[in-house]
Amino acid sequence: MSNHNIASLIRNFFEQHLGAERGLSPHTVLAYRDTIKLLIQFASTHLKKDCFDLSIEDLGADVVKAFLNHLEQVRHNTIRTRNARLAAIHAFFRYVGATDPRLMEISRAILFISFKRQTCPVLGYLDREEV
């Protein structure tokens, strides 16, 4: 499989897909941008490659899983933040798989990465005085 240029995929994802086609809010687009930026920085360091030399094939499921672990272990992100980052990565790879059928296998492996369950705090009841 040849290496696919990641820069054009990312640019089209943000310029065409998120804004024009999906109509997402600017805040969501910024959150997705931050996630992809962090993923690229992590992959560059993790793989010891310049970010300009990364291909979409470099961002396989193993790298994404390592990135998610990095978010929790090194950056001390909560499970909620980790899951939000994973949702952005899923959105990107859904786009990638739909854009180029040759990349469906890579995309599919990442889409199989599951969200972590988190415990929800039990809501307390109001005391008689609070009512």
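Me: Contact means heavy atoms within 4.5 Å. With that in mind, which residues is F13 in contact with, leaving aside its neighbours within four places in sequence?

Reply: This is a predicted model. In it, F13 is in contact with L18, Y32, A91, F92 and Y95, once neighbours within four places in sequence are left aside. F13 itself has its place in helix α1, residues 6-21.

Me: Why is F13 called buried?

Reply: The relative accessible area of F13 is 0%. Buried means under 20%, and F13 therefore counts as buried.

Me: How do you know whether α3 and α4 are roughly parallel or roughly antiparallel to each other?

Reply: Two packed helices are described by the angle between their axes and the distance between the axes. Helix α3 (residues 61-73) and helix α4 (residues 79-99) pack at about 150 degrees, and their axes are 9 Å apart. Angles over 145 degrees count as roughly antiparallel, and α3 and α4 are therefore roughly antiparallel. The crossing of α3 past α4 is right-handed. From α3 the contact is made by V64, F67, L68, L71 and E72, and from α4 by I79, R82, R85, L86 and I89.

Me: What makes up the contact of α3 with α4, by class?

Reply: The contact has seven nonpolar, no polar and three charged residues. Val, Leu, Ile and Phe count as nonpolar, and residues of these kinds in the contact include V64, F67, L86 and I89. Glu and Arg count as charged, and the contact includes E72, R82 and R85.

Me: Why is α4 called roughly antiparallel to α5?

Reply: The axes of α4 and helix α5 (residues 104-111) come within 8 Å and cross at roughly 155 degrees. Since the cut-off for roughly antiparallel is over 145 degrees, α4 is roughly antiparallel to α5. Here α4 passes α5 in a left-handed crossing. The residues I89, H90, F93, R94, V96 and G97 of α4 meet M104, I106, S107, I110 and L111 of α5. By class, this contact has seven nonpolar, three polar and one charged residues.

Me: What makes T35 count as buried?

Reply: T35 is in helix α2, residues 26-47. Its relative accessibility is 1%. Buried means under 20%, and T35 therefore counts as buried. Leaving aside neighbours within four places in sequence, T35 is in contact with F67, R85, A88 and I89.

Me: Why is the link between the side chains of T35 and R85 called a polar contact?

Reply: The two side chains are 3.1 Å apart in this pairing. A polar contact is a pair of N or O atoms within 3.5 Å, one able to donate a hydrogen and the other to accept it. The distance of 3.1 Å is therefore within the cut-off.

Me: Is N83 buried or exposed, and how do you know?

Reply: N83 is found in helix α4. Its relative accessible area is 13%. Because buried means under 20%, N83 counts as buried. N83 touches F115 and K116, not counting residues up to four places away in sequence.

Me: Why is K48 called exposed, and why is D50 called partly exposed?

Reply: Both K48 and D50 lie in the loop between α2 and α3. K48 has a relative accessible area of 75%. Exposed means over 50%, and K48 is therefore exposed. D50 stands at 40% relative accessibility, which falls between the cut-offs of 20% and 50%; D50 therefore counts as partly exposed. The C-alpha atoms of D50 and I40, ten residues apart along the chain, are separated by 9.6 Å.

Me: What makes H76 exposed?

Reply: H76 lies in the loop between α3 and α4. Its relative accessible area is 65%. As exposed means over 50%, H76 is called exposed. Phi of H76 is near 60 degrees, a positive value in a residue other than glycine. Phi of K48 is also positive, near 55 degrees.

Notes
Residues numbered from 1 in each chain as written. Predicted model: local features only at pLDDT ≥ 70, side-chain atom pairs only at ≥ 80, totals over all residues. Heavy atoms only, no water. Axes fitted to C-alpha atoms, helices over the stretch in contact; angles between N-to-C directions. Helix = DSSP H or I, 4+ residues; strand = E, 2+ residues; numbered from the N terminus. Parallel < 35°, antiparallel > 145°, perpendicular 65-115°, else oblique. Left-handed = near helix turned anticlockwise from the far one by under 90°. Buried < 20%, exposed > 50% of the residue type's maximum accessible area, 1.4 Å probe, protein only.
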